[in-house]
Amino acid sequence: MSDLFLGLKQKLSGKNVKIVFPEGLDERVLTAAIRLAEEKIVQPIVIGNIEEIGAKAKELNLSADALEIYDPATYAGMDELVAAFVERRKGKATEEDARKLLLDENYFGTMLIYTKKADGLVSGAAHSTADTIRPALQIIKTKPGVSKVSGAFVMVREDEKYVFSDCAVNIVPDSNDLAENAVESAKTAKMFDIDPRVAMLSFSTKGSAKSEETEKVIAAVAEAKKRDPQLVVDGELQFDAAFVPSVAEKKAPDSVLKGQATVFVFPSLEAGNIGYKIAQRLGNFDAVGPILQGLNAPVNDLSRGCNTEEVYKLALITATQVIAE
């Protein structure tokens, strides 16, 4: 395990952070939750039928005895969750609607966070990103001053660590979205002891090409500086000009980044999604996330292609977001 995650485990020791896992019957999720419970790093709350989860654990030669398991169908506090959901939705859901929706594991788990019975949530191993984000946007909502959620990955390879964003949520961000993403991604970097040096990426470096797409990135840099005057940010930059000092010296000699960026903001979702997967598959980076940025409480989304180790690591990251707030 990399130094990043060993450090997170030390930070979380004794904090008793409660993380909800709505997909309790997924083998990867259940195995990671049991490991976390046995290591006493975080307190997992697993959602699902108690008997079925116990049987699944036995099938995996594991014990679910250390887990806290909640079944929405039999949960004693459901009336409280229903009332809180109806109040939160402010006329958009009846009590009948709420009772039906809260049988859904993601809605149920998100309401546990809203009612302070849990601190964060990790889902997505068996659900789409939309299924994970929708309850969070309806119930937890975005922080003051944040208009859109964005999805960042912490990219880790031995002692190297970077933040890539947005790789999961916003298909065609405008300049304000990109600026907001830059500020939030810098905050994410700081949580994981990454000195945030933010590159706003493009297919152009400092006017080498001119188009609506490059102008959008240039405007985003100016807006990000307005939002956070202390932010170390530059663009528009091609990846090599943001990352390789010798290339930066030629292409962007006046850049504050000097080819030493640590946070990379992609100009579109397709660029971000393709970029992180290339780094993951060809560069052998661990891609942990996506970390959903900008919410009032940590809710994070797994890739459906994730493995047990990725579930475990995203849980550590989610718990770290809790104690950083």
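Q: Hey, where does D166 sit in this thing?
A: This is a predicted model, by the way. D166 is in the loop between β6 (160-165) and α8 (175-191).

Q: And which residue is joined to D166 by a cis peptide bond?
A: That's S165, and omega for that bond is about -10°. Most peptide bonds are trans.

Q: What about the bond from G235 to E236, cis or trans?
A: Cis, with omega near 0°. E236 belongs to strand β8 (residues 233-237).

Q: OK, zooming out. How many helices and strands does the protein have?
A: There are 13 helices and 11 strands.

Q: What radius of gyration does the protein have, and what would a compact globule have?
A: The protein has 20 Å, and a compact globule with 325 residues would be near 20 Å, so the two agree. The C-alpha atoms fill a box of roughly 65 × 45 × 30 Å along the principal axes.

Q: How much of it is buried?
A: Of the 325 residues, 55% count as buried. Nonpolar side chains tend to be buried together in soluble globular proteins.

Q: Which residues touch the most other members in the largest nonpolar core?
A: F21, L67, F192, V198, M200 and I317, out of 59 residues in that core. Helix α13 (residues 308-324) gives the most to this core, with eight residues. There's also a second, separate core of 29 residues, which includes F85, A98, F108 and I139.

Q: Back to M200, what does M200 touch?
A: Setting aside residues up to four places away in sequence, M200 touches a list that includes L178, A182, V221, L237 and V265. G235 and E236 are among them too, and those are the two joined by that cis bond.

Q: New topic: where is K90, and what's its phi?
A: K90 is in the loop between α4 (78-89) and α5. Its phi is positive, about 50°, although K90 is not a glycine. Most residues other than glycine have a negative phi.

Q: Why does K90 count as exposed?
A: Because its relative accessibility is 61%, and exposed means over 50%.

Q: And K141, where is that?
A: K141 is in the loop between α7 (129-140) and β5 (150-157). Phi of K141 is also positive, near 70°. At 30% relative accessibility, K141 counts as partly exposed.

Q: Last one: what is L103 in contact with?
A: Leaving aside neighbours within four places in sequence, L103 contacts P72 and A73. L103 is in the loop between α5 (95-101) and α6 (105-114), and it counts as partly exposed at 49% relative accessibility.

Key. Residues numbered from 1 in each chain as written. Predicted model: local features only at pLDDT ≥ 70, side-chain atom pairs only at ≥ 80, totals over all residues. Heavy atoms only, no water. Helix = DSSP H or I, 4+ residues; strand = E, 2+ residues; numbered from the N terminus. Rg over C-alpha atoms; globule rule 2.2 N^0.38 Å. Buried < 20%, exposed > 50% of the residue type's maximum accessible area, 1.4 Å probe, protein only. Core = buried A, V, L, I, M, F, W, Y, C linked by side-chain atoms within 4.5 Å. Contact = heavy atoms within 4.5 Å.
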